[in-house]
Amino acid sequence: VTIYGHAGSTAQSYAASQGYKFQTLDAMQDKCQHKYQTTVKKATTRKNGSIQKICSICGKAENAQVIPYPKTVKLSKSSAAYNGKQQKPPVTVTDSAGKKVAAENYSVTYSNNKNVGKGAATVTFKNNYTGSVKKTFQIQPKGTRLSKVSPRAKGITVKWKRQAVQTSGYQIQYSENSKFKGNTTKIVKIGKNKTVSKAVSGLKAGKKYYVRVRTYTMAKVNGKKTAIYSSWSQSKNIRTR
């Protein structure tokens, strides 16, 4: 009888007390014609995984190869303008070692990604990874543009191009400041998308004002009606009478 074990172990003491031959595992492993099997512990979205080879005969284990977990999942953009098509912003995944995870290791499923509101991209990992991550992005209404801004006595008349699709109304912003900052900056809300002009009164006579317009849509986000705005149009300036 030969007992195999670690040097200095209880197994070695027992072999000595019983008169059995004792051999260390290291010596056994040195003589073994190894037959390795690969064991994979998949990386999760929060914890590294590993790949390790273990001999099925003697149990010798090679140094484990670390599988860095997918630490960062990013969309190419956080918002997009409505265009009547499904929006599918590309996904980039970076692991905990700072390297890009190949696209073959995950799939992406998009939902609620056509109409104005909050779209979602669900990244589901596979191969040596497991788990999923959900990222959201906003679909904004299509914007509009100013068609004409005319002066009037202590006021202005603003006209713009109608945006009929996925639009609840408009906002006009005017200011004495070209960057639309300060106390003179005001917003006028237009609650119908069929309205394409608005007279603004109560302004200073002979004063230059800067004007711009944007659309908005009332959409359901997380079960609640929310106003989602387009980007502002290019501004025009006009001097009141």
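Modeller: A nonpolar core is a set of buried Ala, Val, Leu, Ile, Met, Phe, Trp, Tyr and Cys residues joined through side-chain atoms within 4.5 Å, where buried means under 20% relative accessible area with a 1.4 Å probe, protein chains only. This is a predicted model, in which local features need pLDDT of at least 70, side-chain atom pairs count only at pLDDT 80 or more, and totals for chains, interfaces and linings use all residues. Residues are numbered from 1 along each chain as its sequence is written, and side-chain values use heavy atoms, leaving out hydrogens and water.

Biologist: Which residues have the most contacts inside the largest nonpolar core?

Modeller: They are V73, V91, V93, Y106, V123, F125 and Y129, in a core of 19 residues. Among the elements giving two or more residues to this core are β8 (91–95) and β10 (117–125); β10 gives the most, with 3 residues. Strands here are DSSP runs of E, at least two residues long, numbered from the N terminus.

Biologist: What does V91 touch?

Modeller: Contact means heavy atoms within 4.5 Å. Leaving aside residues up to four places away in sequence, V91 touches V73, K74, L75, Y106, V108, Y110 and V123.

Biologist: What makes β4 and β5 a pair?

Modeller: Two strands pair if DSSP finds at least two bridges between them; β4 (residues 49–55) and β5 have 3, so they pair, in the antiparallel sense. Here G49 stands opposite I67 in β5.

Biologist: Why are β3 and β5 called edge strands?

Modeller: In the open sheet β3-β4-β5, β3 (36–41) and β5 (65–67) each pair on one side only.

Definitions and conventions:
Buried < 20%, exposed > 50% of the residue type's maximum accessible area, 1.4 Å probe, protein only. Helix = DSSP H or I, 4+ residues; strand = E, 2+ residues; numbered from the N terminus.
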